[in-house]
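Have the model open and follow along.

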Amino acid sequence: MADTSWQRLLRRAVLGEEGLADPDWPVDHVPRSERRDLLSISAVLLGFVFFAGTMWSGAEVGAAIGMQRTLSVMAVGYAILGVYVAVLCLIAARAGLTTVLLARYTFGSAGAKWADLLLGGTQVGWFGVTIPMVAVPTASYFGVNTPTWVAALTVVWGVLHLSSAYVGYDGMEKLSFVAVPVLVIVGLVSTYIAAGDVGGVSALLHVAGDSGTAMTFGAAVTVVVGTFVSGGTQAPNWARFAENSRVAFWAGLIAFLLGNGFLFLSGAVGGAVYAGTGGDLYEVLAAQGLATVGLIALILNIWTTNDNSAYAFGVAGSEAFDHERKRPFVLAGGFVGIVLALLGASSLLVPWLNVLGTYVPPLGGVVIADFLVRWRLRVPRMADVSFAVLRPVPVAAYVLGCLGAVLTAGSVIPGVTAPSVLPGIPALNGILVAIVAHVLGYYALERPGLATTHDVASNASYTHES
């Protein structure tokens, strides 16, 4: 069967036209002839966000704080995540560029390396956190849930996830077309069963969480944002193919507000109702009699997501170190991820999401501010820009954004405290501080010529004009 336009788009966005061997596709602006409509872009982004890990984190939050607070947390968290990603998608469509290349405009040729390392590094950590999500349920399902078997299955699944990223995605791409609808069905059925078991929708809304939980409202919102903020910051890799900025904005909002929110909610319902599971998604599904179909959905979905993660840190590593081959970084990052999984990364899901929700949003906040204020959405073509090695104003704005998030969360990383002096939500504060700092720095330092920036040719052509 011939590929549909959005299947071709998915392959080009992730692999380039010819797969892993094509290093040239991502390094230039997407031409108008390759642009796609709202249906195509939405389909690709929905396939990207339909990840069982979102259900897993929803289950943990639901078990911790109950349904009413979870709904409030979701309303705030997905408003932040949805708008944040949608604006990045709008900018990507306007420029026709990936996140890494947008970061080159914002931070400079050397400053963009930090974006490579941050986004690639978070994917390595995510790879390690998610392998146990399928290894532990596999062991439980077959009745061999011992440390030795779990460790062995962790290595096996980790190697399998790496193999498809190393060799190619054609087979896993086809699996993803099965995994997404299966996960939707599992989410709907699980929610229906949970509502019935607790006594209906009204009773469901009054299910309380763990009275001894240490999870605050702000921390829960950070988990919501953290579930896909790293992936969302890389949504421009797909959204750059949108036929215009309006299509990109709405596609991003649909995927990250509605699609990702649906998965989180279905996981939260199960976590809140089946409190004895402690928010373990597989245990929730097993309690509902969905162990077999749940395991199949987890295997398919996590595999097709984790090899994307492996490819992502391979790309980021090759670009950060100016190496033409991605495969060495796929293997190196995968090895680190497997080691993290063996060291107990599965217990660090919520702390890891808190880290992502603290340090990634300010990066996107600076990019958003830069393209709205410095470039005013008039993006000169790369060939017409002499890139500075480093733009100090955006770099300083990112650091200040992270500081704002840390001083809101009261934590540098889990286990390392900081003064909690700012009210509000860490992820949102990080974005806002980064934006304000960049705008002030641009008008005070960069525009008057007091800080280094790029040189644009006087006869430059701009992406929106083509």
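In this predicted model, start with helix H4, residues 67-95, and helix H18, residues 361-374, which pack at an angle of about 45°. Their axes are 10 Å apart. An angle counts as roughly parallel under 35 degrees and as roughly perpendicular from 65 to 115, so H4 and H18 come out as oblique to each other. As for handedness, the crossing of H4 past H18 is left-handed.

Now look at who touches whom. On the H4 side you'll find Tyr-84, Val-87, Leu-88 and Ile-91. Facing them from H18 are Pro-361, Gly-364, Gly-365, Val-367, Ile-368 and Phe-371. Sorted by class, this contact between H4 and H18 has 8 nonpolar residues and 2 polar ones, with no charged residues.

Stay on H18 and bring in another partner, helix H5, which spans 99-107. H5 and H18 pack with their axes 10 Å apart, at an angle of about 65°. That angle makes H5 roughly perpendicular to H18. Here, too, the handedness can be read off: H5 passes H18 in a left-handed crossing.

Which residues make this second contact? From H5 come Leu-102, Tyr-105, Thr-106 and Phe-107, and they meet Leu-363, Val-366, Val-367, Asp-370 and Phe-371 in H18. The class count for the contact of H5 with H18 is 7 nonpolar, 1 polar and 1 charged.

How many cavities of 30 Å³ or more does the structure hold? There is 1, and the largest cavity has a volume of about 50 Å³. Its lining is made up of Leu-88, Thr-99, Leu-102, Thr-233, Leu-363, Gly-364 and Val-367.

Which helix gives the largest share of the lining of the largest cavity? That's H18, with 3 residues. H5 and H18 each supply at least two residues of this lining. By class, the lining of the largest cavity splits into 4 nonpolar and 3 polar residues, and no charged ones.

How values were computed:
Residues numbered from 1 in each chain as written. Predicted model: local features only at pLDDT ≥ 70, side-chain atom pairs only at ≥ 80, totals over all residues. Heavy atoms only, no water. Axes fitted to C-alpha atoms, helices over the stretch in contact; angles between N-to-C directions. Helix = DSSP H or I, 4+ residues; strand = E, 2+ residues; numbered from the N terminus. Parallel < 35°, antiparallel > 145°, perpendicular 65-115°, else oblique. Left-handed = near helix turned anticlockwise from the far one by under 90°. Contact = heavy atoms within 4.5 Å. Nonpolar A, V, L, I, M, F, W, Y, C, P; charged D, E, K, R; others polar. 1 Å grid on protein atoms, 1.4 Å probe; cavity = no way out; pocket = protein on both sides within 12 Å on 5 of 7 lines; lining within 4 Å. Points joined across faces, edges and corners; volume = space filled by probe spheres on them.
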